[in-house]
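Visitor: I would like to go through this structure with you. Could you take my questions one at a time?

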Amino acid sequence: MAEPLRGGEYQDCGITDPVRLAGVVRGANVTKFPAPVTISCDFARVLTGWLRQDVLPAVEHEFESAVAIVASGPGYQCRRRNNQPDGKLSEHALGMAIDITQFQLVDGSDISVEKDWGVETEKGKLLQAIHAKACKRFTTVLGPDADPNHRSHFHLDTGCHGQDCTYIICQ
Ligand SMILES: [Zn+2]
């Protein structure tokens with residue numbers, strides 16, 4: 001646990017319970033981020049649940065190789081949605097979002113959102129499956145079908161949609 005994180009260009013940016021997540025351990029395998037991601041503790045729980053229970057077992061089952069690296073953005077970024085100068089603060093600015101670009105397997109191959117999404121291959125099917133599972137855990141899941149901003153990654157966040165925060169955006 002670290003001190004609350006503050007600061008950046010907009011005053012509402014920050015994380016009250018930041019963690020730096022280096023990766024996840026599952027059985028004998030360690031799956032790392034290229035660099036530790038800074039996110040809120042609550043968001044880390046949701047993210048590691050998805051990785052440990054949905055993503056890593058599916059990859060190992062389908063490709064008989066563990067995932068060495070989950071390529072992602074840094075997590076925390078003090079910015080507005082889609083890097084626009086005005087509008088709502090991004091969930092990234094609260095440590096409640098991450099962008100996932102690809103999975104690098106121990107055997108040297110990779111599964112890339114940019115290259116493999118929408119393709120009728122085992123890799124394409126795997127991406128569809130873990131995207132669908134993400135929609136059961138996160139409240140916002142945006143992939144290449146959402147808009148051109150998400151052509152190369154899955155944006156995952158736990159932001160509140162609707163009056164009682166029960167609405168899910170899954171695209
Ligand atoms: Zn994002």
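Visitor: How many residues does the largest nonpolar core have?

Guide: The largest nonpolar core has 38 residues. Such a core is a set of buried Ala, Val, Leu, Ile, Met, Phe, Trp, Tyr and Cys residues joined through C-beta atoms within 7 Å. A residue is buried if 20 or more other C-beta atoms lie within 10 Å of its own, exposed if 12 or fewer, and partly exposed in between, with C-beta atoms placed from the backbone. This is a predicted model: local features need pLDDT of at least 70, side-chain atom pairs count only at pLDDT 80 or more, and totals for chains, interfaces and linings use all residues. Residues are numbered from 1 along each chain as its sequence is written.

Visitor: Which residues have the most contacts inside the core?

Guide: They are Ile39, Leu47, Leu51, Ile98, Ala134 and Leu156. Two residues are in contact if their C-beta atoms, placed from the backbone, lie within 7 Å.

Visitor: Which element gives the most to this core?

Guide: Helix α1 does, with nine residues. Helices (H or I, at least four residues) and strands (E, at least two) are DSSP runs, numbered from the N terminus.

Visitor: And which residues of α1 are buried?

Guide: They are Phe43, Ala44, Val46, Leu47, Trp50, Leu51, Val55, Leu56 and Val59. Their cover includes β3 (18–26), β4 (29–40), β5 (67–72), β6 (97–105) and α3 (122–134).

Visitor: What does Ala134 touch?

Guide: Leaving out residues up to four places away in sequence, Ala134 touches Trp50, Val141, Phe154 and Leu156.

Visitor: Back to α1: where does the helix bend?

Guide: The bend is at Leu51, by about 35 degrees. This is the angle between axes fitted to the seven residues ending there and the seven starting there.

Visitor: How far apart are the ends of α1?

Guide: The end C-alpha atoms are 31 Å apart, which agrees with the 33 Å that its 23 residues (41–63) should span at 1.5 Å a residue. The expected span is 1.5 Å times one less than the number of residues.

Visitor: New topic: how do β5 and β6 run, parallel or antiparallel?

Guide: They run antiparallel, joined by five bridges. Strands pair if DSSP finds at least two bridges between them. Ile69 has Gln104 of β6 as its bridge partner, and Gln104 in turn has Asp110 of β7.

Visitor: How many bridges link β6 and β7?

Guide: There are three, in the antiparallel sense, with β7 covering residues 110–112. Four residues lie between the strands of this hairpin, where Gly108 takes a positive phi near 100 degrees.
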